[in-house]
Amino acid sequence: MKADVKPKPVIAGEVEMGGILLAVENVSLSFGGVRAVRGVSFDIRKGEIRAIIGPNGAGKTSMLNVISGFYHPQEGTITYRGKRRRDMRPYLAAKGGIARTFQNVALFKGMSTLDNIMTGRTLKMRRGLLAHALHFGPAKREEIRHREVVERIIDFLEIQHIRKTPVGRLPYGLQKRVELGRALAMEPELLLLDEPMAGMNLEEKQDMCRFILTVKDMFNTTIALIEHDMSVVMDLSDRVVVLDYGRKIADGTPSEVQSNQDVIDAYLGVAH
Amino acid sequence: MNGSIPVSAAPDTALDTVPKLLLRNAAHYGERPALRHKDLGIWQTWTWAQLKHEVRAFAIGLRKLGLTRGDAVAIIGDNRPRLYASFAAVQSLGGIAVPVYQDSVAEEMAYVLDHAEAKFAVVQDQEQVDKLISISDRLPRLHMVIYEEERGLAGYDHTSLYAFEHVEELGRRELRDNVDTAGWWLEEIAKGRGADVSVMLYTSGTTGRPKGVMLTHENIVVSAQNGNRFDNFTPSDTLLAYLPMAWVGDHIFSYGQAFAGAMCVACPESPETIIEDRREIAPTYFFAPPRVYENLLTQIMVRMQDASRLKQRMFAYFLKVARHSGERILNGQPVGFKERLLYRLGDICVYAPLRNRMGFSKIRVAYTAGEAIGPDLFRFYRGLGVNLKQLYGQTEASVYITLQPDGEVYADSVGKPGPDVEITIADSGEVLYRSPGVFLKYFKNEEATRVIKTADGWVHTGDAGFIDQHGHLKIIDRINDVGRLNNGALFAPKYLENKMKFYPEVREAVAFGHGRDYVTMFINIDLTSVGSWAERNNVAYASYQELAAHPQVYDMVLKRLDEVNRQLAEEPQMAASQIRRFLILHKELDADDGEMTRTQKVRRSTVAERYSSLIAALYDGSTHRHVTTEVTFEDGRRGMVEGDLSIADVPTYEVRAAEPPREAAE
């Protein structure tokens with residue numbers, strides 16, 4: 001999966017390992033009267049696995065949508081690769097190397113696994129639509145190059161057997177894997193995973209954990225993930241941020257967060 | 001370059017080891033494909049010349065890392081070209097290859113590697129490396145692990161861990177730096193003798209620890225050459241390697257025979273893609289245990305149910321045609337012009353597309369072995385024009401004991417002794433054999449060797465069998481399970497039970513007869529199959545018990561037993577085992593009640609104990625017996641099942657003289 005077309009730093013400069021890749025400051029987001037996120041600040045360091053956890057409706061997915069530019073917060077700033085802005089835009093996020101998967105798998109159901117992952121390469125295609133339609137010369141060579149990247153991803157995720165199967169026919173666990181593949185095809189700098197293990201059995205979860213750890217180790221990809229399975233979160237992540245009712249209530253290493261009284265109250269409920 | 005290869009010549013001392021075969025293939029068939037592997041979605045090919053270079057580089061790399069003559073090297077992973085190359089590389093230096101089942105847990109692996117005294121391990125990927133690391137403190141002799149796939153291993157401590165490429169690179173550098181190296185390697189190969197041990201295969205024994213079966217180069221080479229000669233394999237034949245490398249069958253077919261016959265071996269992309277890969281490769285030679293053929297057929301039947309009406313009817317019609325004349329055409333027997341024409345039409349419309357779906361479009365020979373295959377299943381494939389045959393073999397025999405020659409194929413026998421194989425039946429009914437493939441001994445287990453192998457080279461198979469009227473061997477049961485009726489006749493429960501279990505209505509059957517006057521049987525009906533019959537025939541039932549006790553169900557089973565008795569009457573050795581009385585059990589035999597193992601095998605003694613009153617009823621002439629049985633439900637609660645069971649008699653037949661062979665083409 002080595003990049004033959006290196007992602008250009010479109011937005012700003014490179015960030016060193018351990019440096020702050022992305023920071024959100026005082027972000028608030030409301031839909032009409034519903035305040036989904038209230039003044040949340042945290043950062044994601046390059047090369048780490050950062051988990052975002054919290055009870056249902058805590059604002060986790062909203063937070064990911066803010067980072068990927070899908071939602072535009074009313075207040076606060078987002079700093080990505082040293083560039084501070086009021087809000088993110090989806091195309092800037094994608095160009096800047098932010099890839100994501102969705103809570104309810106968002107693949108092209110009628111297309112094969114291969115084609116779905118190929119769509120992840122769209123931004124790296126240099127030739128125009130017409131050239132690709134004619135499938136000639138440089139466009140053909142380019143497609144072969146991209147196909148190789150995609151095949152490496154297929155090999156990596158061990159989904160060779162469903163290469164040509166329409167994803168709509170696949171079980172949920174495999175669809176999740178295909179979606180991860182599509183995100184990886186962007187060769188992302190920051191990978192956002194929204195509940196990558198939801199609805200999986202133990203074995204599928206273990207596989208997914210292995211993939212996530214290998215992605216981090218092999219490609220130095222920074223990963224932010226939302227997950228409900230606490231054992232997964234505690235095993236995988238370097239740091240955890242906990243949201244509840246749109247507020248950040250804790251931030252730290254898994255063990256710190258685990259012993260935090262506010263977190264325990266948020267999960268177990270407390271008399272107000 | 002399709003010319004025949006000098007395999008039919010008398011055993012050639014110049015070609016008495018597998019690495020020597022490699023050199024010959026590289027010289028004579030250098031440009032022909034030796035191995036293929038689908039990687040990144042594309043089939044990659046190694047020619048024999050390329051394979052030789054790969055083997056040479058890896059062997060010299062191993063040498064640099066300290067491999068010497070007689071060292072054992074464990075090889076663990078899915079079927080991959082580089083792992084097959086490792087066999088040849090290790091053997092070229094006089095080492096002993098020890099393939100290990102890739103799905104064994106660390107515990108089993110620790111035993112095998114420790115027992116085999118493995119010094120090196122060549123493994124496929126991180127999974128296997130992890131297992132070896134977890135047991136490394138128990139393997140003081142293992143001093144180096146070489147892996148093929150790097151994924152996930154980047155962060156590992158590499159003091160005793162090498163990448164396959166790295167070892168090859170060591171070898172290539174040595175070849176560049178030292179001009180004598182290539183010659184030295186050829187000398188090392190020349191030093192090899194047919195009597196040297198080439199491979200140790202650990203048998204997964206059902207009892208006790210696995211035993212290391214030591215096979216020599218001669219065992220492998222001669223068995224492979226005989227196998228090739230038997231079915232006329234040439235360098236243009238192709239096979240798909242997908243069964244575990246640690247299993248003797250794969251070692252003989254995909255390694256021994258492929259090297260002896262310069263055939264091409266294709267390795268699937270991953271264990272999940274085998275069906276698709278087989279379709280793309282279209283092997284000419286294929287081996288599978290019966291369940292693989294069964295699964296293939298089930299898949300087809302399930303998909304046919306979604307097909308259009310027209311297709312379904314066409315399918316049903318031409319299957320009937322295939323059943324009627326397909327096998328006779330395959331056997332080369334006389335078949336009428338009209339039937340031939342119909343079959344031809346069926347071939348265009350149904351059989352050829354079906355064969356293509358299954359990856360059998362170029363198949364010349366397909367084998368099945370390991371357990372009894374259902375006659376309907378067997379005839380289905382033969383009817384489609386797939387030359388499916390049976391063989392009988394063992395690790396200790398380098399596979400081949402008996403095979404079915406073309407034109408002499410029966411669903412219920414395992415064939416005639418292979419080339420150079422002698423067979424004899426002991427008084428106990430046990431099958432013994434002697435052949436050039438007979439193993440040297442069990443590694444570090446003289447006692448077990450003495451039990452199995454006699455001083456003059458006969459080997460006990462542990463199976464009971466007899467030679468039938470066609471001169472074919474029939475395996476009836478494990479010798480330990482075979483008993484005697486009071487009149488001294490052989491009683492082989494599994495043989496009888498299998499005959500019944502091949503009927504879709506019967507799920508389980510348990511035969512009794514050892515130390516009795518006649519044979520009786522417990523039957524478990526198959527709820528799905530009989531249930532759907534009940535639905536179609538308006539038979540109302542509320543439970544398994546009620547359906548099982550239904551008189552019409554009794555009649556149905558009785559008819560099947562009657563058919564079995566007719567068949568038994570035709571076999572002089574088995575005629576005394578005709579089933580006289582039976583009953584259908586009021587509950588399904590269940591692993592939760594200890595009546596079956598978790599792998600769905602009947603625990604005969606437990607069943608006999610739990611239902612001793614029923615067995616007594618089978619032999620005391622009563623027609624009804626009231627019974628109460630304790631059962632364990634899936635959630636662990638216990639309860640009682642009781643009921644009145646009827647016991648029915650089955651007509652038996654006089655022993656008939658052996659009929660002339662009906663299906664055989666002489």
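Predicted model: local features only at pLDDT ≥ 70, side-chain atom pairs only at ≥ 80, totals over all residues.
In chain B, four strands form an open sheet of mixed pairing, in the order S24-S25-S26-S29. Its edges are strand S24 (506-512) and strand S29 (648-649), each of which pairs on one side only. Strands of a sheet pair through backbone hydrogen bonds, either parallel or antiparallel. Here strand S25 (residues 519-525) and strand S26 (residues 579-584) of chain B pair in the parallel sense over five bridges, and B:Val519 stands opposite B:Ile579 in S26(B).

Two helices of chain B lie across strands of this sheet, as the table sets out.

Between the chains, 10 residues of chain B are in contact with 12 residues of chain A, and the residues on the chain B side divide into two nonpolar, five polar and three charged.

Within chain A, A:Gly181 lies in helix H6 (residues 172-185). A:Gly181 counts as buried because 24 other C-beta atoms lie within 10 Å, where the cut-off for a buried residue is 20 or more. Leaving aside neighbours within four places in sequence, A:Gly181 is in contact with A:Ile117, A:Ile153, A:Ile154, A:Leu157 and A:Ile159. The C-alpha atoms of A:Gly181 and A:Tyr71, which are 110 residues apart along the chain, are separated by 24 Å.

Methods:
Residues numbered from 1 in each chain as written. Chains lettered and ligands numbered in written order. Pairing = 2+ DSSP bridges. Contact = placed C-beta atoms within 7 Å. Axes fitted to C-alpha atoms, helices over the stretch in contact; angles between N-to-C directions. Nonpolar A, V, L, I, M, F, W, Y, C, P; charged D, E, K, R; others polar. Buried ≥ 20, exposed ≤ 12 C-beta atoms within 10 Å, placed from the backbone.
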